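Reader: Please take me through the helix packing in this model, one part at a time. Then look closely at some single residues.

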Amino acid sequence: MTAAEVLRRLDGRGLTLAVAESLTGGLLAAELTAVPGASRTFRGSVTAYATELKHVLLGVDAELLAARGAVDPQVALEMAEGVRSRLEADWGVATTGVAGPAPQDGKPVGTVYVAVAGPEGSAVEPLRLEGGRSEIRAASVDAALALLERTLTVGVTTPNTGVRAKDREEDGGKGCLQP
């Protein structure tokens with residue numbers, strides 16, 4: 001799924017999008033804004049590369065960051081929810097992970113989480129990517145767009161089970177897939 005297709009689908013439904021990025025450092029926002037007419041749908045982005053900015057700018061729980069570090073599925077979800085709320089968008093998408101060259105917070109290079117948050121709930125997808133820094137970052141952008149596209153098509157699901165996670169009481173409506 002390309003950025004143009006995702007934006008066209010959102011625009012057709014009258015929905016807006018915001019993104020929160022860490023390891024991708026603005027690549028996802030750049031991909032989206034390269035599409036002519038993106039301003040009809042794309043609200044903006046926050047590149048919170050430093051861990052503390054995930055808390056300050058996006059509202060990620062500081063205790064969560066201290067306990068698990070920035071490369072964590074719950075952090076990805078809170079980033080997506082935070083950017084959605086702060087930029088007043090219908091959908092939020094987030095990326096966090098380790099692009100290399102060295103491990104971070106005990107997580108190996110290629111560990112990535114992409115997340116979406118929207119009116120039907122939230123979902124996160126864990127990834128184990130291979131390649132150099134550039135390849136991991138580019139694949140993370142592709143995975144984030146693909147997760148959003150799947151979510152818009154079939155709703156919020158946990159990728160390995162296909163279980164719909166729309167506002168389920170037992171998981172707070174998060175649909176979080178824990179690795």
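Author: Start with the chain as a whole. Of its 179 residues, 50% count as buried. The model is a predicted one. Its secondary structure comes to 6 helices and 5 strands. Read along the sequence, the pattern is α-β-α-β-α-α-α-β-β-β-α.

Now the helix packing. Two packed helices are described by the angle between their axes and the distance between the axes. Take helix H1, residues 3–12, and helix H6, residues 133–154. They pack at an angle of about 30°, and their axes are 10 Å apart. Angles under 35 degrees count as roughly parallel, so H1 and H6 are roughly parallel to each other. The crossing of H1 past H6 is left-handed.

Which residues make this contact between H1 and H6? From H1 come Ala 3, Val 6, Arg 9 and Leu 10. From H6 come Leu 145, Leu 148, Glu 149, Leu 152 and Thr 153. By type, the residues of the contact of H1 with H6 divide into 6 nonpolar, 1 polar and 2 charged.

Stay in H1 for a moment. Leu 7 also lies in this helix. Its relative accessible area is 4%, so Leu 7 is buried. Beyond its neighbours within four places in sequence, Leu 7 is in contact with Leu 17, Leu 32, Val 35, Ala 38 and Thr 41. Take Val 35 from that list. Leu 7 and Val 35 are 28 residues apart in sequence, and 8.3 Å apart in space, C-alpha to C-alpha.

H3 passes H5 in a left-handed crossing. On the H3 side, the contact is made by Lys 54, Leu 57 and Leu 58. On the H5 side, Val 75, Glu 78, Met 79, Gly 82, Val 83 and Arg 86 take part. The residues of the contact of H3 with H5 divide into 5 nonpolar, 1 polar and 3 charged.

Two of these residues, Lys 54 and Met 79, are also among the contacts of Thr 96. Thr 96 is in strand S3, residues 91–97. Is Thr 96 buried or exposed? With 0% relative accessibility, Thr 96 counts as buried. The side chain of Thr 96 reaches the backbone oxygen of Ala 70 at 2.8 Å. Setting aside neighbours within four places in sequence, the contacts of Thr 96 include Ser 22, Leu 23, Ala 70, Val 71, Asp 72 and Ala 76. Thr 111, Val 112 and Tyr 113 are also among them.

Finish in another strand. Ser 45 lies in strand S2, residues 42–47. What is the relative accessible area of Ser 45? The value is 34%, so Ser 45 is partly exposed. Not counting residues up to four places away in sequence, Ser 45 touches Val 19, Ala 29 and Leu 87. Ser 45 and Ala 20 are 25 residues apart along the chain, and their C-alpha atoms are separated by 5.7 Å.

Terms used. Residues numbered from 1 in each chain as written. Predicted model: local features only at pLDDT ≥ 70, side-chain atom pairs only at ≥ 80, totals over all residues. Heavy atoms only, no water. Axes fitted to C-alpha atoms, helices over the stretch in contact; angles between N-to-C directions. Helix = DSSP H or I, 4+ residues; strand = E, 2+ residues; numbered from the N terminus. Parallel < 35°, antiparallel > 145°, perpendicular 65-115°, else oblique. Left-handed = near helix turned anticlockwise from the far one by under 90°. Contact = heavy atoms within 4.5 Å. Nonpolar A, V, L, I, M, F, W, Y, C, P; charged D, E, K, R; others polar. Buried < 20%, exposed > 50% of the residue type's maximum accessible area, 1.4 Å probe, protein only. Polar contact = N/O pair within 3.5 Å; in protein donor to acceptor, adjacent residues only side chain to side chain.
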